[in-house]
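Okay, thanks for coming, everyone. Let me put the structure up and then walk you through a few of its contacts.

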Amino acid sequence: DVFIYNKLSKQFTKLTTPAGAKGCGEFTNLKLNAERKELSTTCKSGARWLGYTYKFNKAGKIYLIKDEE
């Protein structure tokens with residue numbers, strides 16, 4: 001599980017994949033690109049590797065920006 005710290009509420013909240021997102025359903029093999037403020041995840045599905053890149057909007061909601069299937 002991945003948790004994000006909210007500075008305003010001073011609490012951690014569990015990060016979940018956006019509704020309707022394809023893929024493995026979990027965040028695995030996470031990589032953070034601090035410069036671009038992106039979160040990348042990869043997973044294996046059968047014989048293929050799948051990759052997804054996410055960003056956060058100004059409201060703090062995560063959304064998919066790149067789908068590498």
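Before I point at anything, one term: I'm calling something a salt bridge when a side-chain nitrogen of Lys or Arg is within 4 Å of a carboxyl oxygen of Asp or Glu. And a caveat: this is a predicted model, so local features need pLDDT of at least 70 and side-chain atom pairs count only at pLDDT 80 or more, while totals for chains, interfaces and linings use all residues. Residues are numbered from 1 along each chain as its sequence is written, and side-chain values use heavy atoms, with hydrogens and water left out.

So, salt bridges. How many does a search of the whole structure find? It turns up 3. Take Arg36 and Glu38: their closest N and O atoms are 3.4 Å apart. Glu38 is buried, at 10% relative accessibility. By buried I mean under 20% relative accessible area; exposed is over 50%, and partly exposed is in between, using a 1.4 Å probe and protein chains only.

Next, Lys14 and Asp1, whose side chains meet in a salt bridge at 3.5 Å, N to O. This pair links distant parts of the chain, 13 residues apart: Lys14 is in strand S2, residues 11-14, and Asp1 is in the segment before strand S1, 3-6. Strands here are DSSP runs of E, at least two residues, numbered from the N terminus. Lys14 is partly exposed at 47%, while Asp1 is exposed at 76%.

Then there's Glu68 with Lys66, where the closest N and O atoms are 3.6 Å apart. Both ends are partly exposed: Glu68 has 41% relative accessibility and Lys66 has 46%.

On to the rings. A pair of aromatic rings is described by the distance of the centres and the angle of the planes. The cut-offs: rings of Phe, Tyr and Trp (its six-membered ring) pair if their centres lie within 6.5 Å, and planes under 30 degrees apart are stacked, over 60 edge-to-face, the rest tilted. Searching the whole structure gives 2 aromatic pairs. Tyr5 and Phe12 make a tilted one, 5.0 Å centre to centre with 55 degrees between the planes. Tyr5 is partly exposed at 41%, and Phe12 is exposed at 58%.

Phe27 and Tyr54 have their ring centres 5.5 Å apart and their planes at 75 degrees, so that pair is edge-to-face. Phe27 sits in the loop between S2 and S3 and Tyr54 in strand S5, so the pair ties together parts 27 residues apart in sequence. Phe27 is buried at 13%, and Tyr54 is buried at 2%.

That brings me to the core. A nonpolar core means a set of buried Ala, Val, Leu, Ile, Met, Phe, Trp, Tyr and Cys residues joined through side-chain atoms within 4.5 Å. The largest one has 9 residues, including Phe27, Tyr54, Leu15 and Ile62. Strands S4 (38-45) and S5 (48-56) each supply at least two of its residues, and S5 gives the most, with 3.

What does Ile62 touch, not counting residues up to four places away in sequence? Its partners are Leu15, Thr16, Pro18, Phe27, Leu39, Tyr54, Lys55 and Phe56, contact being heavy atoms within 4.5 Å.

Last stop, Ala34, in the loop between strand S3 (31-33) and S4. Buried or exposed? Ala34 is exposed, at 59%.

Key: Helices (H or I, at least four residues) and strands (E, at least two) are DSSP runs, numbered from the N terminus.
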